[in-house]
Amino acid sequence: FTVASVSQVALRALNYSPVADRLRRSARPTVRLADCVANLGDSSSRVIRVECDSTYGVRMLGQTDTYAIEPQGRWIRAPESNDLAKLTIRRGDILIAGAGQVGATTLFGRPEIADSRLVGCILGGDTLALNPKSTRIGALLFAYLLSPTGRDLLVSTAYGTSIPRIHLNLAGDLPIPVCDEKTLDVIFEQASVAVQAREEYAVRISRAREDLERREEMQAALAECRTRELRTRMWGDTLLGSLGAWNYISAGQALATLRDV
């Protein structure tokens, strides 16, 4: 590829995006990503993580937790007040997987709108949180960054070799197309429907599991899983061959019981 002038972006092939170059040179109006948000994300990489009981701490979500239907995370002692305020997830934040392998099926660079399942938790070290200046702008950023073009742009900001990470300065300079109000209305409506549907789906999954967990045999299996003791077992089970032996043994007789039921 060729570039008009040598820059930090042009020095590395991975960071060069022909799409971004065309957008910057075209007559179509664009704005910088940094101008669409109140901040470009904060990192919890320097936060001291002391695990504790949920009664005394805050829930920190790892990068994969933010994309799970039922985020689990881990409970840690709350960091200092200033860090806690910066790292707390707010409804409508655009969360982006900021580290991982580059590929179409990977999480790296994939955006998500923070909904009620994530609000109040704090960010893990590799997740970026963009705070849009408005909910409508947030919907535009989500839809655009989720598109193939947007993903390519985010990947072009990667640095590092074994585990690529998003370079915030380069990400802030990415061009975002300017939409007319009518198009923005449609994008905002569709994004709102998607967020609401995701929340409803999580609620229904929880209710369905509760129906199963009330059954007597499931209660017995759960009690077996919670029992803390040393376990040994001869490994010869072919029906659960895809499950790791350690995971199988750690559940005691619970999996065998449920399979027999």
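This is a predicted model: local features need pLDDT of at least 70, side-chain atom pairs count only at pLDDT 80 or more; totals for chains, interfaces and linings use all residues.

Me: How many disulfides does the structure have?

Reply: The general idea is that a disulfide is a covalent bond between the sulfur atoms of two cysteines. In this structure the count comes to zero disulfides, where a pair would need its sulfur atoms within 2.5 Å.

Me: Then let us turn to charge: how many salt bridges are there in the whole structure?

Reply: In general, side chains of opposite charge can pair when their charged atoms come close. A search of the whole structure here finds 16 salt bridges. One of them joins R117 to E112, with 3.4 Å between the closest N and O atoms.

Me: Are R117 and E112 buried or exposed?

Reply: R117 counts as buried at 15% relative accessibility, and E112 is likewise counted as buried, at 6%.

Me: Which residue pairs with D115, and where in the chain do the two partners lie?

Reply: D115 forms a salt bridge with R198, and their closest N and O atoms are 3.9 Å apart. Because D115 sits in the loop between β5 (111-113) and β6 (122-123), while R198 belongs to helix α6 (residues 181-213), this pair ties together parts that are 83 residues apart in sequence. As for accessibility, D115 is buried with a relative accessible area of 0%, whereas R198 counts as partly exposed at 24%.

Me: What links the four residues E112, D115, R117 and R198?

Reply: These four residues, E112, D115, R117 and R198, are linked in a network of salt bridges.

Me: What separates E200 and R204 in helix α6?

Reply: E200 and R204 are four residues apart in helix α6, which means that about one helical turn separates them. Their side chains meet in a salt bridge with an N to O distance of 2.7 Å. On the accessibility scale, E200 is partly exposed, with a relative accessible area of 38%, while R204 is exposed, with a value of 56%.

Note on methods: Residues are numbered from 1 along each chain as its sequence is written. Side-chain values use heavy atoms; hydrogens and water are left out. Buried means under 20% relative accessible area, exposed over 50%, partly exposed in between (1.4 Å probe, protein chains only). Helices (H or I, at least four residues) and strands (E, at least two) are DSSP runs, numbered from the N terminus.
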